[in-house]
Amino acid sequence: GDFETKTHTHTHTRGIRILKKKMKMNVSLSTLTWYLLTCTTPFAIDAFTNLPMRASVQQISNSKIFASSQKNEHDENDTKETSASTRRDMLRQATTATIVTATSSLLNTDNANALDILPTIFQSKERRSNGGTYIPAKRCTAYLVDSTIPPTLVPFKAQREAAILKNLGMGLGTSKEPYLAEALTLNNIAKKTVFGSGELVSDVVLRGGKKKDAKGGEGYASFVCMGVDYTDAEDAALAVGLMEDLIKPRKALDTAVALEFAPLSTQADLDAFLVNGDEEALTSAMALKQVSATTLDTFMPLLKFARSKKLTLLAIAPEAQDVQIVRKDGLQSLNIDRREQYVVDTKGFIDLTQDEKFKLYTDRSLIKDFVPPPSSSSSEGDGGGGKQDGVGDYFAERILVHEACATSIAKWAMKRADSMVVTVAPMKDVRYMGGINGRIPRICQVVKGEGCGVDESAVTTILLNPSAEETLSGSRYLRLEIGTAPKNLAYQTKIADYIWFSKMPKVNMLGRMMNPM
């Protein structure tokens with residue numbers, strides 16, 4: 001064609017030469033369009049930024065570089081060349097119109113348009129969202145671990161948190177049946193549309209193990225087990241914050257705070273603290289019972305809160321020397337009187353070790369925390385023939401601690417109708433439902449006998465500020481279940497009922513998350 005004679009000299013001569021060369025070749029329409037956009041866009045932008053806005057479109061459209069060729073239209077002897085030239089002119093004009101329209105929209109700052117919301121290079125900072133500053137999205141701090149397969153996380157907005165805790169305080173417990181399997185079907189979405197969202201929200205928030213007035217009274221109690229880090233002050237502060245909402249509906253009902261770190265022999269000292277509030281006396285008494293000073297100091301705000309609200313403090317742990325005896329010589333070496341005090345359901349205690357679900361918990365959670373003590377190689381003074389500490393010794397120790405704590409909790413609760421016990425324990429002793437929390441319903445049935453209304457839904461487990469490592473995860477994500485292999489799927493167990501954080505968790509910790517409620 002006669003492309004060169006119809007073109008002004010511009011700074012983008014190299015791109016125009018490539019365009020001319022390509023136009024003389026038999027190339028596809030898409031390829032030619034790409035070259036046209038590549039070569040003419042810089043010129044169009046340059047032209048628009050150097051001309052008045054109102055005149056830019058008209059002047060650029062009338063410039064010679066976009067002018068149509070007339071030579072080929074009058075050349076009646078070269079029909080083929082005329083046809084090719086006409087196609088090139090049409091393609092050039094179409095491309096010109098596209099570039100002019102798009103560029104004028106981007107550069108026109110006088111009038112707002114749909115592209116204003118996009119952070120393009122042509123926008124000034126004051127016209128960008130948040131002034132061009134990145135603001136991270138807000139994430140919830142409370143999550144329901146739903147009992148789907150595999151478990152999923154249901155975030156709860158801040159305004160829902162108090163309602164959840166209030167209903168736990170009313171003794172409704174937490175259902176262990178999957179919720180999302182029913183709630184997010186199309187039928188339930190239609191139900192929400194027709195009847196309003198009130199009933200659906202109540203299904204989410206009031207999804208306890210019992211309905212109002214369906215249970216309760218003599219033989220019923222509810223339990224909340226909080227998994228914490230004994231060295232983390234944030235966990236203690238969060239526990240106090242949750243307790244404030246938990247006890248609001250319990251003004252006329254018995255409520256206790258059970259302390260896993262307090263041996264049974266310290267009950268009198270805790271009772272004295274509730275009366276006089278003497279922290280120094282309590283610290284000294286606890287030190288004599290081998291209670292960690294760091295643990296007591298970290299959770300002293302919780303003890304003060306219990307005293308201010310006239311709650312009961314329960315010492316539930318076995319004595320430190322008894323734990324050491326079991327760790328060294330086994331359960332059979334424990335004094336018979338102490339053993340009866342710690343274990344009231346001997347048959348259930350033994351049968352539990354043969355349960356397939358408990359075996360899964362033992363293998364995937366309980367023994368994962370085994371660390372041999374420094375003096376486990378051999379006993380001194382016996383010629384090196386002492387018994388070496390192993391996983392079996394650790395297993396015996398932990399099941400004694402779990403059984404003793406659950407027994408103390410059940411004994412107190414079953415004597416008081418509609419009572420509630422909030423237990424504070426290390427995360428390793430309540431995760432995956434096989435520790436203290438998993439034993440409470442069975443022991444309540446034995447202690448109360450006929451008429452006991454406590455089942456697994458009466459026990460709610462909440463992990464406070466868990467890390468991926470504390471959930472035994474091998475990645476950055478929180479591990480939500482054990483038992484994912486086909487042979488173990490029937491015994492799959494979620495990590496807890498709720499996961500609660502003091503502040504927004506990192507997004508790379510949360511997997512399989514649903515929409516917030």
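Visitor: Why does A142 count as buried?

Guide: In this predicted model, A142 has a relative accessibility of 0%. Buried means under 20%, so A142 counts as buried.

Visitor: What makes A142 part of a strand, and which residues does A142 touch?

Guide: A142 belongs to strand β1, which covers residues 142-146. Setting aside residues up to four places away in sequence, A142 touches V154, P155, F156, E161, I499 and W500.

Visitor: Why is K310 called exposed?

Guide: The relative accessibility of K310 is 75%. Exposed means over 50%, so K310 counts as exposed. K310 sits in the loop between α13 (300-308) and β5 (312-317).

Visitor: And what is R512 called, buried, exposed or partly exposed?

Guide: R512 comes out at 37% relative accessibility. R512 is in the segment after β10 (498-500).

Visitor: What about the backbone: which phi values do K310 and R512 take?

Guide: K310 has a positive phi of about 60° although it is not a glycine. R512, also a residue other than glycine, has a positive phi near 50°. A glycine with a positive phi can be found just after α14: G330, at about 95°.

Visitor: How do you know that the peptide bond from I149 to P150 is cis?

Guide: Omega of that bond is near -5°, and the bond from I149 to P150 is cis. P150 lies in the loop between β1 and β2 (152-156).

Visitor: What makes the buried residues of α14 one face of the helix?

Guide: The buried residues of α14 are A320, D322, V323, V326 and R327. Viewed down the axis of α14, they fall within an arc of 165°, so they line one face of the helix. An α-helix has 3.6 residues a turn, so residues three or four places apart point the same way. The buried residues of α14 pack against α15 (336-342) and α18.

Visitor: What is known about the largest pocket and its lining?

Guide: The largest pocket holds about 790 Å³ of space. Its lining has 28 residues, and those closest to the centre are E260, V323, E397, R398 and V401. Two or more lining residues come from each of β4 (255-263), α14 (320-329) and α18 (391-414). With five residues, α14 gives the most. By class, this lining has 14 nonpolar, four polar and 10 charged residues.

Visitor: And which residues and elements line the second largest pocket?

Guide: The second largest pocket has a volume of about 680 Å³. It too has a lining, here of 28 residues, with K357, M433, E456, Q492 and T493 nearest its centre. At least two lining residues come from each of α17 (356-364), α19 (436-448), β7 (459-464) and β9 (493-494). The largest share, five residues, is from α19. By class, the lining of the second largest pocket has 12 nonpolar, eight polar and eight charged residues.

Visitor: What makes a set of residues a nonpolar core, and which residues have the most contacts inside the largest one?

Guide: The members must be buried residues of the nonpolar kinds, joined through side-chain atoms within 4.5 Å. The largest such core has 59 residues, and those with the most contacts inside it are F223, I409, V421, I440, C444 and I499. Its largest share, 12 residues, comes from α18. Another core lies apart from it, with 45 residues, including A239, M243, F273 and V422. In soluble globular proteins, nonpolar side chains tend to be buried together.

Visitor: Which residues is F223 in contact with?

Guide: Leaving aside its neighbours within four places in sequence, F223 is in contact with I409, A413, V421, I440, C444, V454, A458, V459 and T460.

Methods:
Residues are numbered from 1 along each chain as its sequence is written. This is a predicted model: local features need pLDDT of at least 70, side-chain atom pairs count only at pLDDT 80 or more; totals for chains, interfaces and linings use all residues. Side-chain values use heavy atoms; hydrogens and water are left out. On a 1 Å grid over the protein atoms alone, a cavity is a set of points where a 1.4 Å probe fits but cannot get out, and a pocket is an open set with protein on both sides within 12 Å along at least five of seven lines; lining residues have an atom within 4 Å of a point. Grid points are joined across faces, edges and corners, and a volume is the space filled by probe spheres set on the points. Helices (H or I, at least four residues) and strands (E, at least two) are DSSP runs, numbered from the N terminus. Ala, Val, Leu, Ile, Met, Phe, Trp, Tyr, Cys and Pro count as nonpolar, Asp, Glu, Lys and Arg as charged, and the others, Gly among them, as polar. Buried means under 20% relative accessible area, exposed over 50%, partly exposed in between (1.4 Å probe, protein chains only). Contact means heavy atoms within 4.5 Å. The arc is that of the directions from the helix axis to the C-beta atoms.
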